[in-house]
Amino acid sequence: NNPETQIHSKFSSNSSRTCNPTKMSEKRDASSVDFSCVNRENTLVLFDVDGTLTPYRKDATEEMRNVLKSLREKVSIGVVGGSDLKKIAEQVGGEKGPDYLFSNFDYIFAENGLTFYLNGQFKEQASILAYLGEEKLQRIINFVLRYIADLKIPKKRGNFIEYRAGMLNVSPIGRNCSQSERDEFYAYDNEKGIRNKMVEDMKKEFHDLPLTFSIGGQISIDVFPQGWDKTYCLKFVNQFKNIFFFGDRTLPGGNDYEIFNHPTTISSSVRDPEHTHSLLKQYFGV
């Protein structure tokens with residue numbers, strides 16, 4: 001039998017049957033879930049944004065928004081992105097912006113979950129400045145600016161460091177680049193490993209600080225305290241029996257790696273939004 005058919009048929013079966021408890025002693029996958037028993041109270045589906053719900057730094061399609069609307073009728077849903085709320089809202093909500101996010105997602109975790117909204121209401125925000133202090137923060141910023149100044153790459157633009165509440169977002173090309181320049185750098189970086197080398201150099205430079213350096217999206221590196229990766233958001237959702245996660249940067253060094261491998265998540269590594277949609281159809285029939 002096709003395992004995809006088996007999973008879908010579980011969801012389609014009689015929902016009045018008895019749901020058995022799930023053993024949580026090891027990492028789970030979708031085959032451990034009784035899909036006939038999932039609902040908004042016991043199941044949460046979390047999504048990365050770039051490359052998962054949307055093409056890189058582009059808007060979500062209307063088709064994807066309709067899929068998410070249908071999914072939310074069955075389970076609770078949330079986004080956990082590395083960007084700030086404004087950027088996530090631009091990509092997922094398009095012209096509707098934050099209003100769309102607040103109306104269509106139960107949980108919004110911006111900056112890896114360091115900025116948290118529940119049902120449209122702000123809950124809390126962590127601060128990298130409060131954690132590190134000004135002296136250590138400037139040490140990181142000064143090193144990055146010198147490093148990028150000496151870096152030889154085809155193009156550089158502006159906004160090489162973006163200070164966010166819970167992290168620093170570092171971009172060798174600069175966040176002011178156009179979409180075509182972004183795509184060009186991404187291809188160049190895949191060939192030359194610019195960001196991988198920069199991460200290794202920052203790890204050596206700041207070996208005395210409890211920091212994580214995580215590659216995300218097409219052009220950037222997130223710098224944040226250890227433990228402030230996307231697993232940070234999980235402490236707010238531990239009431240759910242099933243926590244699904246969909247992301248594309250799931251290999252070591254990617255900003256989805258830690259939450260993808262966390263023992264409490266039922267995780268899927270996706271290639272693009274179309275792959276995300278196909279898995280949602282397979283699992284939840286949407």
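Two strands are said to pair if DSSP finds at least two bridges between them. In this predicted model, such pairing builds an open sheet of 4 strands, ordered β6-β7-β9-β8 and antiparallel in its pairing. Helices α6 and α8 both pack on this sheet, and they also pack against each other. The mean pLDDT of the chain is 90, with 91% of residues at 70 or more.

**Confidence**
- The pLDDT is below 50 over residues 1-17, a stretch that has 25 contacts in the model beyond near neighbours in sequence.
- Where pLDDT is low, the predicted coordinates should not be read in detail.

- Strand β7 (residues 168-170) runs antiparallel to strand β9 (residues 220-225), and 3 bridges join the two.
- N169 has D222 of β9 opposite it.

**Helices on the sheet**
- Helix α6 lies across β6, β7, β8 and β9, and runs at about 5 degrees to β7.
- Helix α8 touches β7, β8 and β9, and its direction makes about 175 degrees with that of β8.

**Contact between α6 and α8**
- On the α6 side the contact is formed by R139, F143, V144, Y147 and I148, which meet K197, M198, D201, M202 and E205 of α8.
- The residues of this contact comprise 6 nonpolar and 4 charged, with no polar ones.

- Strands β3 (residues 107-110) and β4 (residues 115-118) pair in the antiparallel sense through 4 bridges, and I108 has Y117 in β4 as its bridge partner.
- The hairpin of β3 and β4 has 4 residues between the strands, and E111 there takes a positive phi near 50 degrees.
- Strand β4 is also joined by 4 bridges to β5 (residues 121-125), again running antiparallel, and the bridge partner of L118 in β5 is Q121.
- The hairpin of β4 and β5 has 2 residues between the strands, and N119 there takes a positive phi near 50 degrees.

Note on methods
Residues are numbered from 1 along each chain as its sequence is written. This is a predicted model: local features need pLDDT of at least 70, side-chain atom pairs count only at pLDDT 80 or more; totals for chains, interfaces and linings use all residues. Side-chain values use heavy atoms; hydrogens and water are left out. pLDDT is the predictor's confidence in each residue, from 0 to 100. Contact means heavy atoms within 4.5 Å. Axes are lines fitted to C-alpha atoms, for helices over the stretch in contact, and angles run from 0 to 180 degrees between N-to-C directions. Ala, Val, Leu, Ile, Met, Phe, Trp, Tyr, Cys and Pro count as nonpolar, Asp, Glu, Lys and Arg as charged, and the others, Gly among them, as polar.
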